[in-house]
Amino acid sequence: MRGKGAFGPPYFQLWFDFCIIPRKFGINAQLRKNLPRAGSFRRVRGVFRNSDVCASEPIGRNQATDGMRVGIGHDTHRLRPGGPLRLGGIDIPHDRESIGHSDGDALLHAVIDALLGAAALGDVGLMFPDTDPDNRGRDSGEMLTTALEAVSGLGWKIVNIDCIVFAQRPKLLTHRQAIRQRIADILEIEVERVGLQAKTGEGIGLIGNEEAFAAQCVALLEAKEE
Ligand code: MG
């Protein structure tokens, strides 16, 4: 892609970027891919797109010049008799509880995955392996805070998230605002930026038969201002 700064025929542009610049600065094209401020090449030469230069690199602040990233998260946990049900960082009175290595909060796990996914940082299992005894019974709110710090540390801030909980019971209408507020508090954003929807399993399948519950989340990030 040729930008405003390009001059001469196209092949001259390529020759200049791949031969002259590396020689001048004593680097080769491969090393240039790993430069921490690779995104600046686009501005200087008007040739490279971030996706070209850093295709194999984790997306970080220095590659955030395009401004926005979207991520998606999904999680399912089995249910067993007991209670309460941990959902969205709060305990909901219920006759079934989540089975999980941590506190089993499928909704917060989906939020974590959406944030990490948007920043190309992997997922909750990568950040908090279930082989690590430290993660046994761990508070998912604390895990979400850690994930947020990682995403924020790369220069991203949350525009909004939207979540869906799939559970036959309990009815979430009376808990909806409390869950939204709790997630907003953890993420340090306004509650208006947290969407929450609830669906049943229509009485069929794992969700409908209350053998499991699930959650999905979409998160939109934008680059923080300098
Ligand atoms: Mg989970």
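Because the model is predicted, local features are described where pLDDT is at least 70 and side-chain atom pairs count only at pLDDT 80 or more, while totals for chains, interfaces and linings use all residues. Residues are numbered from 1 along each chain as its sequence is written.

The protein chain has 9 helices and 7 strands, where helices (H or I, at least four residues) and strands (E, at least two) are DSSP runs numbered from the N terminus. Of the 226 residues in the chain, 33% are buried; a residue is called buried if 20 or more other C-beta atoms lie within 10 Å of its own, exposed if 12 or fewer do, and partly exposed in between, with the C-beta atoms placed from the backbone. Two residues are in contact if their C-beta atoms, again placed from the backbone, lie within 7 Å, and among the contacts with a separation of 6 or more, 68% come from residues 24 or more positions apart.

Let us turn to the sheet. Strands of a sheet pair through backbone hydrogen bonds, either parallel or antiparallel, and two strands are counted as paired here if DSSP finds at least two bridges between them. In this model an open sheet of 5 strands has the order β4-β1-β7-β5-β6, and its pairing is mixed. The strands β4 and β6 stand at the edges, each with a single partner strand, so one side of each is left without a neighbour in the sheet. On average, neighbouring strands of this sheet are turned by 25° against each other, direction ignored.

Individual pairs can be followed along that order. Strand β1 (residues 68-81) pairs with β4 (residues 96-99) in the antiparallel sense over 4 bridges, and Pro81 stands opposite Arg96 in β4. Strand β1 also runs antiparallel to β7 (residues 212-223), to which 11 bridges join it; here Ile72 stands opposite Val218, and the bridge partner of Gly73 in β7 is Cys217. Strands β5 and β7 pair in the antiparallel sense over 10 bridges, with Ala215 in β7 as the bridge partner of Val165.

Helix α5 lies across β1, β4, β5 and β7 and runs at about 155° to β1; axes are lines fitted to C-alpha atoms, for helices over the stretch in contact, and angles run from 0 to 180 degrees between N-to-C directions. The helix has 13 residues and reaches 18 Å from its first C-alpha to its last, close to the 18 Å expected at 1.5 Å a residue, the expected span being 1.5 Å times one less than the number of residues. Since 13 of the 13 residues of α5 are buried, this helix is largely enclosed by the rest of the structure.

Beside it, α7 packs against α5 at an angle of about 10°, with the two axes 10 Å apart. The two helices are therefore roughly parallel to each other, because angles under 35 degrees count as roughly parallel, over 145 as roughly antiparallel, 65 to 115 as roughly perpendicular and the rest as oblique. Residues that make the contact include Leu108, Val111, Ile112 and Leu116 of α5 and Met143, Leu144 and Leu148 of α7. One of these, Leu144, is buried, with 21 other C-beta atoms within 10 Å. Leaving aside its neighbours within four places in sequence, Leu144 is in contact with Leu108, Val111, Ile112 and Ile186.
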